[in-house]
Amino acid sequence: MAEPVVRIPDAKVALSTASVYPESTATAFEIAARLGYDGVEVMVWNDPVSQDIDALRRLSDYHHVPILAVHAPCLLITQRVWSTDPWVKLQRARAAAEKLGASTVVVHPPFRWQRQYARDFVQGIWRMADETDVRFAVENMYPWRYRDREMLAYAPDWDVTKDDYRHFTIDLSHASTARADAIHMLDRMGDRLGHVHLADGNGSAKDEHLVPGRGSQPCAELLGRLALSGFDGHVVIEVNTRRAMSSAEREADLAEALAFTRLHLASAMKVPRR
């Protein structure tokens with residue numbers, strides 16, 4: 001009779017450099033190496049090192065931590081990073097990914113006030129994806145809320161499954177803030193899911209990015225589904241550790257997140273032993 005064995009899928013578990021903020025990009029590489037992450041996702045933001053391909057390559061080589069993904073500078077605070085032209089930002093993110101050996105560029109949908117960019121975004125992402133082997137994985141966002149008011153800040157839509165993209169990134173903290181069903185969103189993405197940002201949330205209007213298991217999102221269920229489907233993309237820990245009282249506490253949170261992810265990616269399957 002076959003005995004159950006533990007099978008770990010091919011998905012790699014990476015640390016987003018945003019997870020160590022307010023510490024530096026360089027610190028993220030150190031922590032990823034020390035804790036045994038499979039790689040990092042570089043959040044390109046105001047830290048000069050995050051924008052410097054040569055510096056990133058040196059960090060990757062020194063710590064023996066591959067760069068698996070590049071997050072394009074799409075945040076409000078990065079509007080002037082790598083140009084003010086959003087298409088130039090994506091071109092530079094693609095070039096960085098190609099030079100660093102990363103397989104994925106993560107991109108947010110445009111802000112609604114970026115009218116021309118938003119109008120051309122879906123077709124433009126397809127054109128860029130056709131020019132490279134790097135995946136452009138468009139990430140689900142959320143409505144902005146204040147008290148009982150809601151503002152739709154992203155276009156064509158914060159729910160990226162309403163538009164036609166080759167690859168998606170699902171972010172569970174964003175799904176929580178949107179008060180969307182993450183599993184239904186996962187089902188709508190189907191085999192176009194290329195990338196995962198794993199974090200938890202409790203449905204707050206603020207994007208919480210809690211350590212997985214500390215909120216109400218179906219983090220464990222989603223990981224189990226990925227394992228059973230043979231998902232071979234990257235699962236990136238993107239959590240908020242700004243409230244950590246010390247570097248040791250921050251590192252403990254990131255170790256917990258890694259352990260949670262690896263535990264729930266492992267699936268028990270009945271496979272005959274040889």
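Modeller: Two strands are said to pair if DSSP finds at least two bridges between them, and I apply that criterion here to a predicted model.

Biologist: What makes S3 and strand S4 (residues 67-71) a pair?

Modeller: The pairing follows because at least two bridges are required, and 4 bridges join S3 to S4, with the strands running parallel; within this pairing, Val40 stands opposite Ile67 in S4.

Biologist: Why is strand S3 (residues 39-43) called mostly covered?

Modeller: A residue is buried when its relative accessible area is under 20%, and 5 of the 5 residues of S3 are buried, so the strand is described as mostly covered. Both faces are covered, with Gly39, Glu41 and Met43 buried on one side and Val40 and Val42 buried on the other.

Biologist: Turning to the pockets, what makes up the lining of the largest pocket, by class?

Modeller: The lining has 19 nonpolar, 7 polar and 12 charged residues, around a space of about 1,300 Å³. Of its 38 lining residues, Tyr142, Asp207, His209, Asn240 and Arg242 are the closest to the centre of this pocket.

Definitions and conventions: Residues are numbered from 1 along each chain as its sequence is written. This is a predicted model: local features need pLDDT of at least 70, side-chain atom pairs count only at pLDDT 80 or more; totals for chains, interfaces and linings use all residues. Side-chain values use heavy atoms; hydrogens and water are left out. On a 1 Å grid over the protein atoms alone, a cavity is a set of points where a 1.4 Å probe fits but cannot get out, and a pocket is an open set with protein on both sides within 12 Å along at least five of seven lines; lining residues have an atom within 4 Å of a point. Grid points are joined across faces, edges and corners, and a volume is the space filled by probe spheres set on the points. Ala, Val, Leu, Ile, Met, Phe, Trp, Tyr, Cys and Pro count as nonpolar, Asp, Glu, Lys and Arg as charged, and the others, Gly among them, as polar. Buried means under 20% relative accessible area, exposed over 50%, partly exposed in between (1.4 Å probe, protein chains only). Helices (H or I, at least four residues) and strands (E, at least two) are DSSP runs, numbered from the N terminus.
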